[in-house]
Amino acid sequence: MDSVRVGFAMCGSFCTFSQCLPQIEKLIEAGADVTPIMSQTAYSTDTRFGNSADFVNKIEHICKKSVVHTIKGAEPIGPKKTLDILIIEPCTGNTLAKLAKGITDTPVTMAAKAMLRNERPVLIAISTNDGLSASAENIGIMQNRKNVFFVPYGQDDPFLKPCSLISDFDKTVSAMHCALDKTQLQPMLL
């Protein structure tokens, strides 16, 4: 994986941040050059899961790079072709809807647009409480989109949250290797 340039974009599924940070570490340990990207919400919102500044500091320490957190900062990814793959992890239902409808109003959606315009892979690791309801249509749209791949996912709590879906973040590196080869890691549904 040496010299693979990975954009690791995080959206506001704050409860999963502690599961996503180890994936960044695994990528770097394997030799990837990781550029961290965060939505404005993920970058600046303090929640019961932690202080935003603490998460940003951890991510910047791991990557040894500043977090891209503005649309202006993400825009050059396209024309300069600075990434080989973009991983959106966690990808919220909100970001998924924007991607499905072509809305570019966050650093994460700008980075995705930049990648897709250059026919480079975007790997989505969903984390949404409405994956089997309101977001289901958008998942279907994105699964049919060229150069878009998914980290395998399933229901995280079928009895208490029957519509909620989450990716198996431990499959991120394997899914990334497949996406770089323009294939979907199977099985996609867990």
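Some ground rules: residues are numbered from 1 along each chain as its sequence is written, and side-chain values use heavy atoms, with hydrogens and water left out. As the model is predicted, local features need pLDDT of at least 70 and side-chain atom pairs count only at pLDDT 80 or more, while totals for chains, interfaces and linings use all residues.

**Cysteines**

Let's start with the sulfurs. How many disulfides does a search of the whole structure find? The search comes back with 0, taking a disulfide as a pair of cysteine sulfur atoms within 2.5 Å. Two cysteines show why: for both cysteine 15 and cysteine 91, the closest cysteine sulfur is too far for a bond.

| Cysteine | Closest cysteine sulfur | Sulfur distance |
|---|---|---|
| Cysteine 15 | Cysteine 20 | 9.1 Å |
| Cysteine 91 | Cysteine 11 | 5.2 Å |

Their surroundings are worth a look too. Cysteine 15 is partly exposed at 42% relative accessible area, whereas cysteine 91 is buried at 1%. Here buried means under 20% relative accessible area, exposed over 50%, and partly exposed in between (1.4 Å probe, protein chains only).

**H1 against H3**

Next, a helix pair. Helices (H or I, at least four residues) and strands (E, at least two) are DSSP runs numbered from the N terminus. Helix H1 (residues 17-29) packs on helix H3 (residues 52-63) at about 10°, and their axes are 10 Å apart. Those axes are lines fitted to C-alpha atoms over the stretch in contact, with angles running from 0 to 180 degrees between N-to-C directions. H1 is therefore roughly parallel to H3, a label for angles under 35 degrees.

Which residues make the contact (heavy atoms within 4.5 Å)? H1 brings Phe17, Leu21, Ile24, Glu25 and Ile28, and H3 answers with Phe55, Lys58, Ile59, Ile62 and Cys63. By class, that contact has 8 nonpolar, no polar and 2 charged residues; Ala, Val, Leu, Ile, Met, Phe, Trp, Tyr, Cys and Pro count as nonpolar, Asp, Glu, Lys and Arg as charged, and the others, Gly among them, as polar.

**H6 and H7**

In helix H6 (residues 93-101), the buried residues are Gly93, Thr95, Leu96, Lys98, Leu99 and Ala100. Their cover includes strand S3 (85-91), helix H7 (107-117), strand S4 (122-128) and helix H8 (136-143). Just past H6, glycine 102 has a positive phi of about 75°.

H7 itself is largely enclosed by the rest of the structure, because 8 of its 11 residues are buried. Among them are Pro107, Val108, Met110 and Met115.

Conventions: Contact means heavy atoms within 4.5 Å. Angles under 35 degrees count as roughly parallel, over 145 as roughly antiparallel, 65 to 115 as roughly perpendicular and the rest as oblique.
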